Every structure is written in structure tokens, then in C-alpha cells.
Amino acid sequence: MAGLFTWKFIQYRNRYAFHVMGYCLTTAKGAAETLKLNMALILLPVCRNTITWLRSTRAARALPFDDNINFHKTIAAAIVVGVILHVGNHLTCDFPRLMASSPEMYAPMKHDFGDVKPSYMKLVRGPEGVTGVLMVLCMLVAFTLATSWFRRSLVKFPKPFDRLTGFNAFWYSHHLFVIVYILLIVHGQFLYFIHHWYKKTTWMYLAVPVCLYAGERILRALRSGYSSVKILKVAIYPGNVLTLQMSKPPAFRYKSGQYMFVQCPAVSPFEWHPFSITSAPGDDSLSIHIRQLGDWTRELKRVFAEACEPPVGGKSGLLRADETTKKSLPKLLIDGPYGAPAQDYKNYDVLLLVGLGIGATPFISILKDLLNSIIKAEEQDDAIADLYPPRGGHVDLATLMSITSRPRKILKTTNAYFYWVTREQGSFDWFKGVMNEVAELDQRGIIEMHNYLTSVYEEGDARSALITMVQALNHAKNGVDIVSGTRVRTHFARPNWKKVLSKTCSKHPNAKIGVFYCGAPVLGQELSKLCYEFNQRGTTKFEFHKENF
């Protein structure tokens with residue numbers, strides 16, 4: 001941006017127009033050149049298929065694809081600055097200076113503005129001015145509704161103006177960019193100082209990114225149209241969490257930690273929302289867990305709740321639905337999968353997975369996948385051991401050679417530590433089956449799980465002494481935690497993250513540890529800082545990754 005700004009600034013500094021319009025013109029033109037670049041760049045981070053593919057290439061070693069949304073926001077901020085400089089200098093500075101110029105000074109500029117010096121309103125009402133003003137208005141709406149105050153409904157308006165906040169307003173207003181890009185191309189063809197088409201470079205900047213993005217949107221539309229899935233099971237858990245288990249399309253191949261977009265036409269025929277896949281790649285079906293956090297998820301839960309049946313004897317008190325349900329289940333479309341930071345977990349010796357509340361969802365798939373890998377490795381070891389007969393017995397060399405010659409998948413990850421922190425006791429029901437399965441089948445102790453309930457005082461506090469004692473006795477006697485209802489022991493209050501990293505560091509010297517986090521930004525900053533501090537101290541290396549949606 002600095003290079004482009006300087007290049008255009010100097011170019012117009014050496015033109016005659018500079019003597020009439022001054023530095024207002026050079027600043028406006030320099031900002032315009034950065035806007036061309038940024039309007040091209042801002043599309044690339046949201047080309048999700050391209051980003052997902054690039055994650056699997058060597059480019060991922062140099063470029064932080066995990067920060068694609070942050071990069072998108074940074075470019076948006078640069079566009080805001082560029083618009084202020086470009087539009088502000090034109091409307092408040094160089095246009096008035098052109099109006100105030102003498103006939104003698106204006107004479108050399110007749111080739112650009114016409115024989116008669118235009119009025120201020122004529123400049124604004126021309127193709128350049130109209131397209132520019134309309135672009136600013138569209139950007140103003142889209143940028144304002146994209147801020148966290150409006151997107152997360154932190155700003156409260158009375159009805160009917162409350163519709164200006166929330167994800168819906170953000171989603172629909174962001175599609176004003178289609179109008180903005182059309183206006184930008186038109187704006188770039190009507191330039192006062194450039195008259196040859198090959199010197200009008202706006203379309204050159206935009207050609208590749210716009211075609212790439214348009215191709216991605218077409219691909220997503222076609223793919224999602226063929227990816228209508230069959231709902232196999234629905235359950236609504238405490239804490240307003242909706243679980244959907246669905247059929248897996250034949251061509252849908254994904255990695256643990258990835259996410260997909262979901263659309264429910266009964267809620268909205270246009271909106272797509274991202275959710276982490278909680279099933280493992282080896283499972284026969286797909287599953288997602290959705291927590292009610294906004295207007296779309298609230299409506300989705302209501303639509304599926306109407307199709308659910310009340311609990312019957314012998315089942316938990318949850319609203320459920322499956323293939324035997326009499327009521328018809330809403331139609332669901334999916335699009336994906338798309339890359340996420342957690343998908344690269346196999347690159348690390350040790351995993352430290354941290355989820356806050358519903359932020360545990362990306363890691364459930366990883367735990368399942370790890371467990372499947374452990375079971376397969378044990379089965380393969382048992383199969384080879386069975387081929388070796390007792391002393392003096394007969395061995396079938398052909399069978400032995402056929403099994404031992406098969407390539408074995410070596411599991412690089414030696415240990416995984418899962419920390420799930422939640423405020424509500426009912427949250428543990430979401431993944432109760434997975435936690436029990438891991439505790440039962442992981443005989444080698446590769447996966448270590450820690451549940452933390454923050455609504456109870458920490459262990460050692462007199463106010464939680466009784467529940468801690470009862471919990472310890474029940475777990476020792478029955479092997480079940482009374483708080484979570486699983487085999488995993490629940491701790492109280494928040495973890496001491498410095499001690500957690502220190503303990504992990506001492507247990508795995510010289511290891512490459514991947515720290516994956518999904519939750520509130522505040523804890524993410526703390527974990528990132530701790531990883532940096534521990535990397536300065538010893539030979540164990542922590543690499544921090546945060547989920548971004």
C-alpha cells in the first residue's frame with residue numbers, strides 16, 4: 001500500500017493539475033490506488049475452498065491461513081482509511097480549488113474537464129461522483145452493521161429498528177458488496193485525467209479475485225444443491241443445545257477439526273451458518289452440535305423441537321426425533337467441509353485441546369478420530385500377535401507376510417489432553433457418550449480428559465468441601481462422576497493455565513505441542529501469551545491455534 005500510494009502521489013505531483021489542486025489531488029489519487037489493491041485483496045480471505053486447499057500446501061508454513069478472518073477485517077479497516085482520504089480530499093479540497101481557479105490556470109485542464117469549467121454540483125452529479133457517493137453509502141451500511149456492536153446485538157433498538165442488529169442484518173447488508181463492485185468498475189471507467197482504456201487499471205486489479213470468488217460461490221451453490229442430507233437423529237440437550245445427526249454424502253470427505261455450513265430452508269432460504277463437525281471421519285454419519293446464541297439458531301431449535309417427541313420410559317428426559325418419528329423433519333442442506341486450525345492436529349507430538357462451553361465441538365471429532373486410530377493400531381497388533389504360534393507350532397508364512405507387509409499408519413501424536421470448561425452442569429450431557437467411550441477404550445492412556453465446572457468454588461475451598469468429598473467417594477466406588485455423569489472426574493472453578501502448561505512441559509520435554517483453543521478471546525490471549533513465555537524458557541515448543549468463525 002505504501003508503495004502504490006507513493007507511486008501515484010509522485011506521478012500526480014509531476015502533473016500540471018497539481019498546480020491547481022495541490023496536495024489534495026495527490027493524496028486522493030494515492031489513496032485510490034491503495035483502494036484498488038484492497039478491494040481485490042479483501043475477497044481472497046473469504047474464498048473458503050481456496051483457503052482450505054492452500055492449508056494442505058507448503059504455503060501454509062509461511063502464511064497464517066488461520067487468521068484469514070482477521071486479515072479480512074484488517075483490509076476492511078484499510079479500505080475505510082482509503083475511502084476517507086480519497087472521497088474527503090475530492091469533495092472538500094480539490095473540487096473547491098478547481099472551482100476557485102482562474103481562467104488562465106484552468107485553460108491547460110480543458111482537455112480533462114471540458115471547455116467550460118464545471119460547477120461543483122456537475123462534478124458530483126457526473127458518473128464519477130454518483131458512483132462514488134453510492135459506493136460510500138453502501139460501504140457505510142455494510143461496515144456499520146458488521147461491527148461487533150451491531151452483529152452481536154450489543155446495541156439495543158426499539159421495534160421495528162431492532163432488525164438492524166444481529167447476524168441477519170450483518171449477513172444481508174454484506175451482500176451490498178455486489179453493488180459496490182459493479183459501481184467500482186463503472187467508476188474506474190470514468191476518470192477525468194486518464195483517457196486511454198489500457199491505463200484504467202481498476203478492472204485489472206479486480207479481474208482475478210472477483211472471478212475466483214464468483215467461481216467459489218457458484219461451486220458452493222451447485223454443491224449444496226446436491227448435498228441435501230437425511231436427518232437420522234435429533235436431540236435437544238440442557239443449555240439450549242441442538243444435536244443433529246445426518247447422513248453423510250458419498251463425496252463428503254473431511255478431516256477432524258474442520259467445519260461445514262448448514263442451511264435450513266424452513267428457517268431462511270438464504271442464510272448459511274458454520275458449525276464444527278463433531279463426528280469422526282471414519283463414522284458412517286455426520287453430526288453437529290448447535291447452541292442457541294442468535295435469532296437464526298433460536299428459530300432452528302424451534303423448528304426441530306416441533307418435530308421432536310417427548311421422552312418415553314427408559315430414555316433420558318430429552319426431546320428427541322429419529323427416522324421412526326411420525327412428524328416430518330425439516331430439510332437441511334450442507335456445504336463443505338472447510339479448513340480450520342484444528343485439522344492439523346496430526347502434525348504434533350502432543351495435543352492440548354481447550355474448549356469453553358460449546359467451544360468443545362471442534363475437539364470432539366479429534367478425540368473420536370484419535371480413539372479410532374488407537375483401536376485400529378491395537379487390532380493390528382493383536383492380528384500380528386495371533387499369527388505367531390506356541391513353541392513348536394506351525395506358522396503360515398504367506399498369511400504372515402501379507403499382514404506384516406501392509407503399510408501401518410504410525411500415530412505421531414503420543415498424548416492428548418482435553419480441557420473442557422463450562423458454567424452449566426447440564427453441558428456435560430452434550431458429549432457424555434464420547435467421554436465414556438474414550439475412558440473405557442483408551443487402555444494405553446493416550447487421551448487424558450479434564451472437565452471443569454466454574455459455577456462451583458475451587459477444590460480446597462470450605463464452601464465446596466462436601467460436594468468434593470461425596471464426588472470422590474462415588475467415583476472411587478462406582479467409577480462415575482456424580483457431577484458430569486461420566487467416567488471423567490469433574491474439577492471445580494477455573495484451571496490454572498500456567499500450571500497446566502508447566503505440567504505438560506515437564507512431562508514432554510523436547511516435544512512439539514499443539515495448543516488448540518475455541519472460546520472467548522480473553523482466554524485465547526492468555527494462552528497465547530503463556531505459550532510464548534514457555535517457548536522462551538526450554539526445549540519444549542508450544543504452537544497456539546485459535547478457532548475463528
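Q: In what order do the six strands of the open sheet stand, and in which sense do they pair?
A: In this predicted model, the order of the six strands is 12-11-10-9-13-14, and their pairing is parallel.

Q: Why are strand 12 and strand 14 said to stand at the edges?
A: Strand 12 (490-492) and strand 14 (541-546) each have a single partner strand, so one side of each is left without a neighbour in the sheet. Neighbouring strands of this sheet are turned against each other by 20 degrees on average, with direction ignored.

Q: What makes strand 9 and strand 13 a pair?
A: Two strands count as a pair if at least two bridges are found between them, and strand 9 (residues 350-356) and strand 13 (residues 512-518) are joined in the parallel sense over six bridges. Within this pairing, Val-354 stands opposite Tyr-517 of strand 13.

Q: What makes strand 3 a partner of both strand 2 and strand 6?
A: The rule asks for at least two bridges between two strands. Strand 2 (residues 231-237) is joined to strand 3 by six bridges, the two running antiparallel, and strand 3 is joined to strand 6 (residues 285-291) by seven bridges, again in the antiparallel sense. Ala-235 stands opposite Thr-243 of strand 3, while the bridge partner of Leu-242 in strand 6 is Ile-290. Three residues lie between the strands in the hairpin of strand 2 and strand 3, and in this hairpin Gly-239 takes a positive phi near 85 degrees.

Q: How do you know that strand 3 is mostly covered?
A: A residue is called buried when its relative accessible area is under 20%, and five of the seven residues in strand 3 (residues 241-247) are buried.

Q: Why is Tyr-12 called buried?
A: The relative accessible area of Tyr-12 is 2%, and the word applies to values under 20%, so Tyr-12 is buried. Tyr-12 lies in helix 1 (residues 2-13), and, leaving aside residues up to four places away in sequence, Tyr-12 touches Phe-18, Leu-25, Thr-26, Lys-29, Phe-193 and Ile-194. Tyr-12 and Phe-193 are 181 residues apart in sequence, yet 9.8 Å apart in space from C-alpha to C-alpha.

Q: Why is helix 3 called roughly antiparallel to helix 6?
A: Helix 3 (residues 23-41) and helix 6 pack at an angle of about 150 degrees, with their axes 8 Å apart. Angles over 145 degrees count as roughly antiparallel, and therefore helix 3 is roughly antiparallel to helix 6. Helix 3 passes helix 6 in a left-handed crossing, and the residues of this contact divide into 14 nonpolar, six polar and two charged.

Q: How do helix 6 and helix 10 cross, and which residues make the contact?
A: The axes of helix 6 (residues 68-100) and helix 10 come within 12 Å and cross at roughly 145 degrees, and the crossing is left-handed. From helix 6 the contact is made by Ala-76, Ile-79, Val-80, Val-83 and Val-87, and from helix 10 by Val-136, Met-139 and Phe-143. These residues divide into eight nonpolar, no polar and no charged.

Q: What makes helix 10 and helix 12 roughly antiparallel?
A: Helix 10 (residues 127-146) and helix 12 (residues 167-174) pack at an angle of about 150 degrees, with their axes 9 Å apart. The word is used for angles over 145 degrees, and helix 10 and helix 12 are therefore roughly antiparallel to each other. Val-141, Ala-142, Leu-145 and Ala-146 of helix 10 meet Ala-169, Phe-170, Ser-173 and His-174 of helix 12, and the residues of this contact divide into six nonpolar, two polar and no charged.

Methods. Residues are numbered from 1 along each chain as its sequence is written. This is a predicted model: local features need pLDDT of at least 70, side-chain atom pairs count only at pLDDT 80 or more; totals for chains, interfaces and linings use all residues. Side-chain values use heavy atoms; hydrogens and water are left out. Buried means under 20% relative accessible area, exposed over 50%, partly exposed in between (1.4 Å probe, protein chains only). Helices (H or I, at least four residues) and strands (E, at least two) are DSSP runs, numbered from the N terminus. Axes are lines fitted to C-alpha atoms, for helices over the stretch in contact, and angles run from 0 to 180 degrees between N-to-C directions. Angles under 35 degrees count as roughly parallel, over 145 as roughly antiparallel, 65 to 115 as roughly perpendicular and the rest as oblique. Contact means heavy atoms within 4.5 Å. Ala, Val, Leu, Ile, Met, Phe, Trp, Tyr, Cys and Pro count as nonpolar, Asp, Glu, Lys and Arg as charged, and the others, Gly among them, as polar. A crossing is left-handed if the near helix is turned anticlockwise from the far one by less than a right angle, and right-handed if clockwise.
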